[in-house]
Amino acid sequence: MDFNMKKLASDAGIFFTRAVQFTEEKFGQAEKTELDAHFENLLARADSTKNWTEKILRQTEVLLQPNPSARVEEFLYEKLDRKVPSRVTNGELLAQYMAEAASELGPTTPYGKTLIKVAEAEKRLGAAERDFIHTASINFLTPLRNFLEGDWKTISKERRLLQNRRLDLDACKARLKKAKAAEAKATTVPDFQETRPRNYILSASASALWNDEVDKSEQELRVAQTEFDRQAEVTRLLLEGISSTHVNHLRCLHEFVESQTTYYAQCYRHMLDLQKQLGRCPLGQISRHLRGHHGARLPAPQQHLAHHHCGHHAYGALGGGPSPSGRGLALPGGGGATGQRHPQGPGPL
């Protein structure tokens, strides 16, 4: 119990000394040991790496999971060391709705058949998105998170310890400076005519006491300097390890780009296959199906639209309508870009 009380009192004294030194430094009343320029550059580089890693990590999480509630849920599962439950992607949910709609509206109708085809494509897109999220989380997010929760915490701990060692060193310097000033004042030769003999004894005793205090302060300063130098070297080695962190993050970034490229390539391939399956379905074909299904003619606006759409494709196929690029093709009669026949007909041979 006595040992614990002594240790507690010692820790309290050290904490108070550091607080006093820190406060005096802030008010410009105490000297502060400055670190060399290279060390300061390492500190600034480490801080910049940490800040940008946090921003990149957070924004990548938003990219992979735009829903903030889902991100909070995944964060809680990770903190509780529990497996994150599988979540249906938006593409897979859309595919489910389209398949159910086709089943209810009629899977044999053109609309129902198209819904089924699009639902299958959206399901494949959702599966590709799920694989991309899983790959990006493992290859990119996890290394960034490990740096922030592992290496950076170690660096921060050693930096705080270095700060404490510096405060102890500067406090020892200030204490030694005060002891030397008091010793010099105590050893000053007094005036024999104005000083009583009793004060000579007190002055000699005070000089001896301050001499002992100077010796003690010098010893404490040497110990504090050694501990500070040792801690500065440890912190320097950790800060120089940021270069290895950059190399690791660069490799992870390349893997993220590769997974993203694969994901978009899969999406393009799935949509290209869907486009080939659907082809071009003119409204005229749909209108004929509706007339056969309902046994009635379409209203005039729909007939005109269907006729115009089918005529547009047929005319374009013959070369008289607008091309896919938006410009008309000339007819053999020299109609030009408007597709009109020349009134004079062909010229003389």
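**Reading the labels on a predicted helical model**

User: Why is glutamate 61 called buried?

Analyst: The relative accessible area of glutamate 61 is 19%.

User: What makes arginine 58 and glutamate 61 a salt bridge?

Analyst: Their closest N and O atoms are 4.0 Å apart. The cut-off asks for a side-chain nitrogen of Lys or Arg within 4 Å of a carboxyl oxygen of Asp or Glu, so the pair counts. Both residues lie in helix H2, three residues apart, which is about one turn of the helix.

User: Why is arginine 58 called partly exposed?

Analyst: Arginine 58 has a relative accessible area of 45%. Partly exposed covers values between the 20% limit for buried and the 50% limit for exposed, so arginine 58 belongs there.

User: How do you know that arginine 159 and aspartate 47 meet in a salt bridge?

Analyst: Their side chains come to 2.6 Å, N to O. With the cut-off at 4 Å, the pair qualifies as a salt bridge. Arginine 159 lies in helix H5 and aspartate 47 in helix H2, so this bridge ties together parts that are 112 residues apart in sequence. In total, the structure holds twelve salt bridges.

User: What makes arginine 166 and aspartate 170 a salt bridge?

Analyst: Their side chains meet at 2.5 Å, N to O, and the cut-off is 4 Å, so the pair counts. The two residues sit four apart in helix H5, about one turn of the helix. Aspartate 170 also has 4% relative accessibility, so it counts as buried. Elsewhere, salt bridges that share partners join Asp36, Glu233 and Arg236 into one network.

User: Which residues have the most contacts inside the largest nonpolar core?

Analyst: They are Phe132, Phe140 and Leu239, in a core of 33 residues. Helix H2 (37-64), helix H5 (110-186), helix H6 (197-240) and H7 each supply at least two of its residues, and H5 gives the largest share, 16 residues. Apart from this core lies another, of eight residues, among them Ala102, Val118, Ala121 and Leu274.

User: What does phenylalanine 132 touch?

Analyst: Phenylalanine 132 touches Leu64, Phe256, Ser259, Gln260 and Tyr263, not counting residues up to four places away in sequence.

User: Why is phenylalanine 75 called partly exposed?

Analyst: Phenylalanine 75 has 45% relative accessibility, which falls between the 20% and 50% limits, so it is partly exposed. Phenylalanine 75 lies in helix H3 (residues 68-79). Together with Val72 and Leu76, it forms a nonpolar patch on the surface with about 290 Å² of accessible area.

User: What makes up the secondary structure of the chain?

Analyst: The chain has nine helices and zero strands. Of its 349 residues, 26% count as buried. Among contacts between residues at least 6 apart in sequence, 72% join residues at least 24 apart.

User: Where does pLDDT stay under 50?

Analyst: That stretch is residues 296-349, for which the model has 47 contacts beyond four places in sequence. For the chain, the mean pLDDT is 78, and 70% of the residues reach 70 or more.

Terms used: Residues numbered from 1 in each chain as written. Predicted model: local features only at pLDDT ≥ 70, side-chain atom pairs only at ≥ 80, totals over all residues. Heavy atoms only, no water. pLDDT = per-residue confidence, 0-100. Contact = heavy atoms within 4.5 Å. Core = buried A, V, L, I, M, F, W, Y, C linked by side-chain atoms within 4.5 Å. Buried < 20%, exposed > 50% of the residue type's maximum accessible area, 1.4 Å probe, protein only. Patch = residues over 30% accessible without salt bridge, like charges linked within 9 Å, V, L, I, M, F, W, Y side chains within 5 Å. Areas by Shrake-Rupley, 256 points an atom, 1.4 Å probe, with all protein chains shown as cover.
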